[in-house]
Amino acid sequence: MDIITKTLFVMELAEYEKVSDQVKIAQRDLEQDGFSKNPFFHGIIAEVPEHLKSKEDSCMYFFTGHTKVGYSLYFYTYSSWKGRAVYMEDLYVMPEFRGKGIGKALMSKVSQLGLAAGCTQLNFTVLDWNKSSLDFYLKQGCWDVTSDLGYHCMRCEGDALEHLAQGGL
Amino acid sequence: MANFNLRKAEPKDVPDILRLIKELAKYEEMEDQVILTEKDLLEDGFGDHPFYHCVVADVPAEQQCSLTGYSVIGFAMYYFTYDPWIGKLLYLEDFYVMKEYRGFGIGSEILKTLSDTAVKNRCSSMHFIVAESNKAFIDFYKRRGASDLSLQEGWRLFRIDKENLLKMSAEE
């Protein structure tokens, strides 16, 4: 996937999740982190033939007339109980192309690649208000670990991380 | 008790790492869920492209508890993940100190080392999962500035296990 498309998709997904002011990364970072010898992430892109390219103007970026209509960004992680796992960080399909099985096909591809790499589980997070995504994932056989096991996602960042690194407890 | 040493795990530490993983799982009442073997840990952590990194805490021979006889008494397993909005992150998968060695600052020192690793590797933040029933750990982390993304932002962790992964990957 070319880096320009990936950057634009990331911005569009952030807009959909209503948090676009939180996107701090630049195209340069994505390029370095995703396309070097030991990439921190991998990406798959969904493309349609030229005659089916997008007609509608995407929310804020220049997606009219594009054949690249969706993507998934993933990386490999590790479960201390089960071993190799794959984490799907982003899954996005342009609104105009939803309901056609593209999201499912992207997830299927990530699953295939994960299984080929020896992974036994696929993990990802979903926002609790995103009902259509929650329903879609539950239909694919996923289960809600936060709900069922009470696991909460925690984060330590910025000043708190620096403070912790300096031994400030 | 004061002397302990934090270091990068080596292949010879694999049996101790698995022992500590199982001990932590037992504490979380999930011991039967651990199917990982020493062979998996060796291959996945010490090959050409490691899936995880590990630091271990060990104590000198004279300080080994007569009850346990172990010198490796704590560990943390982590790896690097990616957030396309902010870049690299450090993900803390497991973090555990044996009961007999708690209260001596070993856990805090491990966390400090990991945070330092995160900062040196240009990670924007450190992420991890905590069970909501584990109030002691949640308070431990919140005191150190961690925020609960599930509560504050509504993020729910989802999973697909192998059986459904196989079904999904076979779909056209």
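This is a predicted model: local features need pLDDT of at least 70, side-chain atom pairs count only at pLDDT 80 or more; totals for chains, interfaces and linings use all residues.
How much space lies in the second largest pocket?

1. Residues are numbered from 1 along each chain as its sequence is written, chains are lettered from A and ligands numbered from 1 in the order in which they are written, and side-chain values use heavy atoms, with hydrogens and water left out.

2. The second largest pocket holds about 600 Å³ of space. Closest to its centre, among the 20 lining residues, are A:Asn38, A:Pro39, A:Phe40, B:His49 and B:Pro50. The lining comprises 11 nonpolar, five polar and four charged residues. At least two lining residues come from each of β2 of chain A and β3 (72-83) of chain B.

3. A:Ser72 is situated in strand β2 (residues 68-79) of chain A. Because its relative accessibility is 0%, A:Ser72 counts as buried (under 20% relative accessible area, 1.4 Å probe, protein chains only). A polar atom of its side chain lies 3.1 Å from the backbone oxygen of A:Asp90. Beyond neighbours within four places in sequence, A:Ser72 has contacts (heavy atoms within 4.5 Å) with residues including A:His42, A:Met88 and A:Leu106.

4. B:Ala118 belongs to helix α3 (residues 106-120) of chain B. B:Ala118 also counts as buried, because its relative accessibility is 0%. Neighbours within four places aside, B:Ala118 is in contact with A:Leu161, B:Leu90 and B:Cys123. Its C-alpha atom is separated by 25 Å from that of B:Gly154, 36 residues apart along the chain.

Methods. Helices (H or I, at least four residues) and strands (E, at least two) are DSSP runs, numbered from the N terminus. Buried means under 20% relative accessible area, exposed over 50%, partly exposed in between (1.4 Å probe, protein chains only). A polar contact is a pair of N or O atoms within 3.5 Å; within protein, one must be able to donate a hydrogen and the other to accept it, and residues adjacent in sequence count only if both atoms are side-chain atoms. On a 1 Å grid over the protein atoms alone, a cavity is a set of points where a 1.4 Å probe fits but cannot get out, and a pocket is an open set with protein on both sides within 12 Å along at least five of seven lines; lining residues have an atom within 4 Å of a point. Grid points are joined across faces, edges and corners, and a volume is the space filled by probe spheres set on the points. Ala, Val, Leu, Ile, Met, Phe, Trp, Tyr, Cys and Pro count as nonpolar, Asp, Glu, Lys and Arg as charged, and the others, Gly among them, as polar.
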